[in-house]
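Hi,

Here is the structure I promised to pass on. Please have a look through it, and then see my notes below.

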Amino acid sequence: MIEYIKGSLTELTPAQAVIEAAGVGYALNISLNTFSAIQSKQEVKLFVFEVIREDTHLLYGFSSKKEREMFTLLITVQGVGVNTARMILSAMSVAELCNCISTGNEKMIKTVKGIGLKTAQRIIVDLRDKIVALGIVDEIPAGGAISSPVNNEVRDEAVSALSMLGFAPAPSQKVVVEYLQQHPDAPVEVVVKEALKLIK
């Protein structure tokens, strides 16, 4: 089993990285999160997950062990294959995904292309305890939604409104949750208005 590959980054696209190590070029499938983490580097180290089948041998690369752990957890869920898991980790960070799982935010997970309601619910049910057991949940910043629940209805409406305005769901939720933790009684219109000032 390959634990990681460390070497020169010779080619990079949002979906794939080619690392040259000891004269061999390894093509690794990556998420957008890993792409963002390594795009300005010449020397990189990616943690590897191997998929070996009769007709193919694929390598998936991750900039952190936490992302690889989350990937391996996701593919244990019925209906989530390697490509879907990579799609999920391209749509949101490990911390954001943990946040969604721990708070039961199926709507946010369902915004990922190819994820239906049943699969989103399965991800939450199957992984809620596992992310705590593996310590992946430590990725969530102090004061995250795990320790400070927010009004889910207001949160969902605000994120939906921001999405219609063209903002990506994951960063929108982060800003909305942070604002609601400080102002738990704020109505939707106020949350949206304030989020527009904070969102990047």
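**What I found**

Gly 79 is exposed, with a relative accessible area of 58% (exposed means over 50%, buried under 20% and partly exposed in between, using a 1.4 Å probe and protein chains only). Before I go on, please note that this is a predicted model, in which local features need pLDDT of at least 70 and side-chain atom pairs count only at pLDDT 80 or more, while totals for chains, interfaces and linings use all residues. Residues are numbered from 1 along each chain as its sequence is written, and side-chain values use heavy atoms, leaving out hydrogens and water.

Back to Gly 79: you will find Gly 79 in the loop between α2 and α3 (82–91). Helices here are DSSP runs of H or I with at least four residues, strands are runs of E with at least two, and both are numbered from the N terminus. Apart from neighbours within four places in sequence, Gly 79 is in contact with Thr 119 and Arg 122 (contact means heavy atoms within 4.5 Å). Arg 122 is 43 residues from Gly 79 along the chain, and their C-alpha atoms are separated by 8.8 Å.

Now the aromatic rings. There are 4 aromatic pairs in the structure; rings of Phe, Tyr and Trp (its six-membered ring) pair if their centres lie within 6.5 Å, and planes under 30 degrees apart count as stacked, over 60 as edge-to-face and the rest as tilted. Phe 49 and Phe 71 form an edge-to-face pair, because their ring centres are 5.3 Å apart and their planes are at 65°. Since Phe 49 lies in strand β4 (residues 43–52) and Phe 71 in helix α2 (residues 65–74), this pair ties together parts that are 22 residues apart in sequence. The pair of Phe 62 and Phe 71 is tilted, with centres 4.9 Å apart and planes at 50°. Phe 71 is buried at a relative accessible area of 0%, and Phe 62 is buried at 3%. Ring pairs link Phe 49, Tyr 60, Phe 62 and Phe 71 into a cluster.

Finally, the helix packing. Helix α7 (residues 152–164) and helix α9 (residues 188–198) pack at an angle of about 50°, with their axes 9 Å apart; axes are lines fitted to C-alpha atoms, for helices over the stretch in contact, and angles run from 0 to 180 degrees between N-to-C directions. Val 154, Glu 157, Ala 158, Ala 161 and Leu 162 in α7 meet Val 188, Val 191, Val 192, Ala 195 and Leu 196 in α9.

Best wishes
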